Amino acid sequence: MEVIEFALAHERYAIETACVREVHTLQDLTSLPCTPDFVAGIVNVRGRILPVIDIRKFFDLPEKGISDMHYLLLVYTDDMEIGILADTVAGVRSVPLDAMQASLPTLTGVREEYLKGVTAERLVILDARRILADRRILVQDEVEA
Amino acid sequence: MKWFINLKTGTKLLLAFGLVVFFLAVVIVTAGSAISAIQQDYRAAVAIANFEVNNNGQRAAVLTLITITNRADQEATFEELKSIAKQNDDLMRTLPGYFNDSAETLRQLGELTTIRDELKRTRDEQVVPMIREGRMEEARALSLGVNQDRYVKMRDLAERLAGDAQERAKRMATRALITFLLVGFVAVLIAGGAVIFLSRIIAVPLKSISATAERIAVGDLGGDVSFAERTDEVGVLAQTFARMTASLKEMAGVAGKIASGDLRVQARPLSDKDLLGNAFAAMVENLRRLTSDLTEGVNVLGSAASEISTSTAQFATSASETATAVSETTTTVEEVRQTAQVSSQKARSVSETAQKVAQISQGGKRATEETVEGMTRIRQQMDAIAESMVRLSEQSQAIGQIVTTVEDLAAQSNLLAVNAAIEAARAGEQGKGFAVVAQEVKSLAEQSKQATGQVRAILNDIQKATTAAVMATEQGSKAVEAGVKQSSQAGQSIQTLAGGVGEAAQAAAQIAASSQQQLVGVDQVASAMESIKQASTQNVESAKQLETAARNIEGLGHRLKQMIERYKV
């Protein structure tokens with residue numbers, strides 16, 4: 001499986017290449033009020049407005065370490081496209097399927113359902129479809145004016 | 001002769017000389033008349049002789065005329081004859097003037113005249129014309145005949161006249177001589193008598209009076225003065241001399257009384273012009289006053305001498321005491337002087353040392369100044385280094401920026417490679433070539449990253465080194481600052497030191513000077529003490545001498561008193 005490996009706050013994650021459109025440098029992140037805290041904001045990429053998600057906040061991970069957040073991974077599914085913050089993007093690599101293991105609960109604390117697996121090198125491979133299908137992504141909020 | 005003696009000397013002399021002069025006048029008159037008579041006779045004789053000569057001349061001329069035949073000579077001779085004849089006439093006329101004293105003479109003269117006239121007539125009327133006519137023989141006959149006789153007669157007469165005249169003259173002369181002798185003899189006699197008389201009555205008294213004056217001149221007032229009874233000048237002189245002698249004797253008597261001690265005499269001046277008398281009176285008065293004053297003085301002297309005697313004894317003792325005290329003081333002063341000398345030397349050496357230290361501190365001050373200058377230079381160098389560092393860091397910053405840009409490029413390339421990989425993955429089979437390209441790009445990006453990593457590492461090193469250098473520079477600068485501060489501190493302290501040393505040097509110099517002065521003063525004191533010592537020694541001696549002198553004065557006072565008592569006032 002081809003995955004893109006990226007790092008965020010000293011944690012190494014990976015996502016399938018099939019779900020990633022491109023990797024972009026993070027520019028002009030505009031934060032939105034009245035959004036859940038895992039929504040870092042919105043960004044304008046070649047005329048498209050995309051929300052930006054902070055994985056850590058999404059998974060309720062305790063914040064540890066400083067994140068540079070230089071990069072943005074454009075992750076898409078059939079009906080949704082989001083951007084995921086990343087400090088560094090290592091690159092594209094192939095991960096043998098059998099190397100993946102089911103995640104241990106003592107690891108990062110990310111819920112198992114969103115993980116495709118964890119490699120021996122502690123590379124957390126995320127399941128993009130599941131993340132994107134999560135209800136929480138859909139934000140419908142009204143702000144009292 | 002009393003009346004003559006009492007005449008004035010002038011009159012006497014006048015009379016005596018008048019007599020002599022009278023006789024002289026007589027002699028002169030006699031002589032005069034005799035001489036004039038003789039002269040007259042002489043002239044007569046001369047006239048006759050001339051006459052005779054003339055006659056001879058005439059005769060000779062005539063005879064010449066007779067003999068010569070030359071006409072020219074004859075004419076000349078005629079002229080000569082004429083002139084001689086004229087002379088003869090003149091002479092003839094004068095003769096009567098000379099020969100007129102006696103009848104005989106007159107008769108002879110008349111005879112002469114007659115003969116001459118006859119001769120003349122014959123000659124002029126007969127002979128000369130004969131000669132002129134050439135009748136020489138006749139002329140000769142006449143000339144040698146009649147005229148010859150006449151000529152001879154004339155000659156005889158003339159001779160007689162001359163002889164008479166001479167005779168007369170001789171007689172006159174003899175008479176005059178006799179008269180002279182007589183009168184002269186008488187005059188001499190009278191003059192001699194007058195001289196003797198006058199000398200007797202003038203010279204002798206004068207000699208006697210002058211002898212008296214001589215005696216008085218040598219002081220011998222004895223003897224009488226004679227000739228005082230006459231009334232002429234001699235008498236007056238003698239009387240005056242007698243008065244003078246008397247007054248002098250009186251003065252001598254007064255002086256003698258004074259010499260013997262009797263000051264009660266009275267000196268009476270003879271007049272207010274009497275110098276000696278006035279002087280004597282004044283002298284006697286002064287002597288009287290002097291003696292009374294002297295008596296008082298001697299009394300005072302006597303009492304004073306005894307007082308002096310006692311006080312000199314006291315003075316002698318006190319002088320010896322002073323002498324001992326002074327010698328003690330002298331030794332003390334000597335010690336003080338030595339001490340002052342030592343201190344003076346010490347002060348001088350201290351002064352010298354202070355001077356040297358002052359110089360050294362000056363040198364130190366200069367050294368610190370140089371140090372500060374060096375420090376300043378170091379600081380300047382440090383500043384230059386810092387500047388270079390700053391530039392260096394700026395450059396490395398620029399390099400860093402460039403590296404960042406390159407890094408950025410690398411990241412973006414990486415990103416590009418990732419995107420390319422994604423696209424390649426998405427493309428599947430067709431994308432494998434693209435995946436290779438993407439891999440190449442990624443590797444390039446990796447190389448760039450490595451290179452940039454290295455560059456950054458080097459930059460870091462440079463930065464560190466620069467930082468270290470800057471720090472070192474700063475430390476150096478601080479050290480320099482500290483050094484400068486220390487140098488300036490050192491300089492200040494040296495300055496203070498120098499100032500202090502300068503003050504010390506000044507003070508030392510002042511001390512040296514004042515100790516020198518002190519030494520000089522002490523020297524002066526020492527020498528003064530020496531002289532005081534000498535003076536006190538002399539004082540002691542003089543005190544002793546004074547004592548003896550006082551005693552002598554006392555004795556003298558006694559003697560004076562005894563002497564003064566001799567004089568009665």
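In strand 6 of chain A, A:Tyr71 sits opposite A:Thr25. The two strands involved, strand 3 and strand 6 (residues 71-76) of chain A, pair in the antiparallel sense over 4 bridges; strands count as paired if DSSP finds at least two bridges between them. Helices (H or I, at least four residues) and strands (E, at least two) are taken as DSSP runs and numbered from the N terminus. The model is a predicted one, with local features needing pLDDT of at least 70 and side-chain atom pairs counting only at pLDDT 80 or more, while totals for chains, interfaces and linings use all residues. Residues are numbered from 1 along each chain as its sequence is written, and chains are lettered from A and ligands numbered from 1 in the order in which they are written.

That strand pair belongs to an open sheet of 5 strands in chain A, ordered 3-6-7-5-4 with mixed pairing. Strand 3 (20-25) and strand 4 of chain A are the edges, each pairing on one side only. From one strand to the next, the twist averages 30°. Strand 7 (residues 81-86) of chain A carries A:Leu85. A:Leu85 is buried, with 24 other C-beta atoms within 10 Å. For burial, C-beta atoms are placed from the backbone, and a residue is buried if 20 or more others lie within 10 Å of its own, exposed if 12 or fewer, and partly exposed in between. A:Leu85 and A:Ala40 are 45 residues apart along the sequence, yet their C-alpha atoms are 8.6 Å apart in space.

What about the loop between strand 4 (39-45) and strand 5 (48-53) of chain A: which residue lies there? A:Arg46 does, and it has a positive phi of about 50° despite not being a glycine. A:Arg46 is exposed, with 6 other C-beta atoms within 10 Å.

Strand 1 (residues 2-8) of chain A is mostly covered, with 5 of its 7 residues buried. Strand 1 of chain A runs antiparallel to strand 8 (residues 88-94) of chain A, and 6 bridges join them; here A:Val3 has A:Arg93 as its bridge partner. Strand 1 of chain A also pairs with strand 2 (residues 11-16) of chain A, in the antiparallel sense and over 6 bridges, with A:Ile4 opposite A:Ile15. The hairpin made by strand 1 and strand 2 of chain A has 2 residues between the strands, and A:Ala9 takes a positive phi near 50° in this hairpin.

Zooming out, chain A has 2 helices and 10 strands, in the order β-β-β-β-β-α-β-β-β-β-β-α along the sequence. Of its 145 residues, 30% count as buried. Among the contacts in chain A with a separation of 6 or more, 55% come from residues 24 or more positions apart. Two residues are in contact if their C-beta atoms, placed from the backbone, lie within 7 Å.

Chain B is another story: 8 helices and 0 strands, which run α-α-α-α-α-α-α-α from the N terminus on. Of the 569 residues of chain B, 20% count as buried. For contacts in chain B between residues at least 6 apart in sequence, 79% join residues at least 24 apart.

Two helix pairs of chain B can be described in more detail. The axes of helix 7 and helix 8 (residues 431-566) of chain B come within 3 Å and cross at roughly 175°. Axes here are lines fitted to C-alpha atoms, for helices over the stretch in contact, with angles running from 0 to 180 degrees between N-to-C directions. Helix 7 and helix 8 of chain B are therefore roughly antiparallel, the label for angles over 145 degrees. The residues of this contact of helix 7 with helix 8 of chain B divide into 77 nonpolar, 48 polar and 21 charged. By class, Ala, Val, Leu, Ile, Met, Phe, Trp, Tyr, Cys and Pro count as nonpolar, Asp, Glu, Lys and Arg as charged, and the others, Gly among them, as polar.

Helix 4 (residues 103-133) and helix 5 (residues 136-217) of chain B have axes that come within 9 Å and cross at roughly 160°, which makes helix 4 roughly antiparallel to helix 5 of chain B. Their contact has 16 nonpolar, 6 polar and 9 charged residues.

As for the two chains together, 8 residues of chain B are in contact with 11 residues of chain A. Helix 7 (residues 275-427) of chain B gives the most to the chain B side, with 7 residues. By class, that side has 5 nonpolar, 1 polar and 2 charged residues.

Conventions. Angles under 35 degrees count as roughly parallel, over 145 as roughly antiparallel, 65 to 115 as roughly perpendicular and the rest as oblique.
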